[in-house]
Amino acid sequence: LLDNANVNFKQSLIVLAFVLLLAFGGAWALSELGIRRQVARIDAALTRFSGGDFDARIGQPYPGGEIGDLMAAIDRDFGLIQRQRATIEQLNADLERRVADRTAELEAANQELESFCYSVSHDLRMPLRHIDGYVGLLERELGTAVSAEARRCLGVVAESTRNMGRLIDDLLAFSRMSRQELGDEEVDPDVLVREIVAMLAPQTAGRRIEWRISPLPRVRGDAAMLRQVFANLIDNAIKY
């Protein structure tokens, strides 16, 4: 009887162990299946969000434990990113609107500047034509009776009126700079500098000024703008 009892006990232990093994295996399988489902939910939401669907969420119900906490945290981060993105888009829209407004204001100011320069240049050209015309008339009327010095002075006046005309043209070109590209041509700075020095001769008359003009290399650029730069530099040098 004792032997039979031992055998039955051993058999019961084996059956119990097998049942426990099946129970643990089933629990593990169910747990693994549940984890896989939650991971699939997370992966699907991440794929949608990274693809541009910023309304994507994992959504409830969240399972208990660390996986549920992770899913809730991901959804909170999705919401935060969406709100920040909306704020950035609003800021960009405001910036674009401001840039458009400033651009329109700048274009209006440029148009007013161009109109003003055109009006001023038109008003300035008329007296220049009169001066040039009267200089030519004087030269013809006086003929050979005019002295060499007087003829030189008349030549200076005529050349100054022509230089003034070029400056007026440069002023108009400057007012249109916002609407056109700068010129790209070969320019001889030596010629520009000597023209400007000759144009400023009336300001240097009677003053002890020694001009030292070293050879300048040819450059590419806008001749009108370069002439204005040299004119400003030389004029300031004469003044100060």
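**A guided look at a predicted model**

Visitor: What makes Ile238 count as buried?

Guide: Its relative accessibility is 6%. Buried means under 20%, so at 6% Ile238 counts as buried. Bear in mind that this is a predicted model.

Visitor: Where is Ile238, and what is it in contact with?

Guide: Ile238 sits in helix H6. Setting aside neighbours within four places in sequence, Ile238 is in contact with Leu200, Thr204, Arg207 and Trp211. Contact here means heavy atoms within 4.5 Å.

Visitor: How do you know that the span of helix H2 agrees with its number of residues?

Guide: Helix H2 covers residues 65–142, which is 78 residues. The expected span is 1.5 Å times one less than the number of residues, so H2 should span 116 Å. The C-alpha atoms at its ends are 113 Å apart, and that agrees.

Visitor: Which residues line the largest cavity?

Guide: Asn163, Arg166, Leu167, Leu192, Glu195, Ile196, Met199 and Arg227 do. H3 and helix H4 (189–199) are the elements giving two or more residues to that lining, and H4 gives the most, with four. By class, the lining of the largest cavity has four nonpolar, one polar and three charged residues.

Visitor: And the largest pocket: how much space lies in it?

Guide: About 200 Å³. The largest pocket has 12 lining residues, with Leu167, Met199, Gln228, Ala231 and Asn232 nearest its centre. Helix H3 (148–175) and helix H6 (223–239) are the elements that give two or more residues to this lining. H6 supplies the largest share, five residues.

Visitor: How do the residues lining the largest pocket divide by class?

Guide: Seven are nonpolar, three polar and two charged. Leu167 and Met199 turn up in the lining of the largest pocket and in the lining of the largest cavity.

Technical notes:
Residues numbered from 1 in each chain as written. Predicted model: local features only at pLDDT ≥ 70, side-chain atom pairs only at ≥ 80, totals over all residues. Heavy atoms only, no water. 1 Å grid on protein atoms, 1.4 Å probe; cavity = no way out; pocket = protein on both sides within 12 Å on 5 of 7 lines; lining within 4 Å. Points joined across faces, edges and corners; volume = space filled by probe spheres on them. Nonpolar A, V, L, I, M, F, W, Y, C, P; charged D, E, K, R; others polar. Buried < 20%, exposed > 50% of the residue type's maximum accessible area, 1.4 Å probe, protein only.
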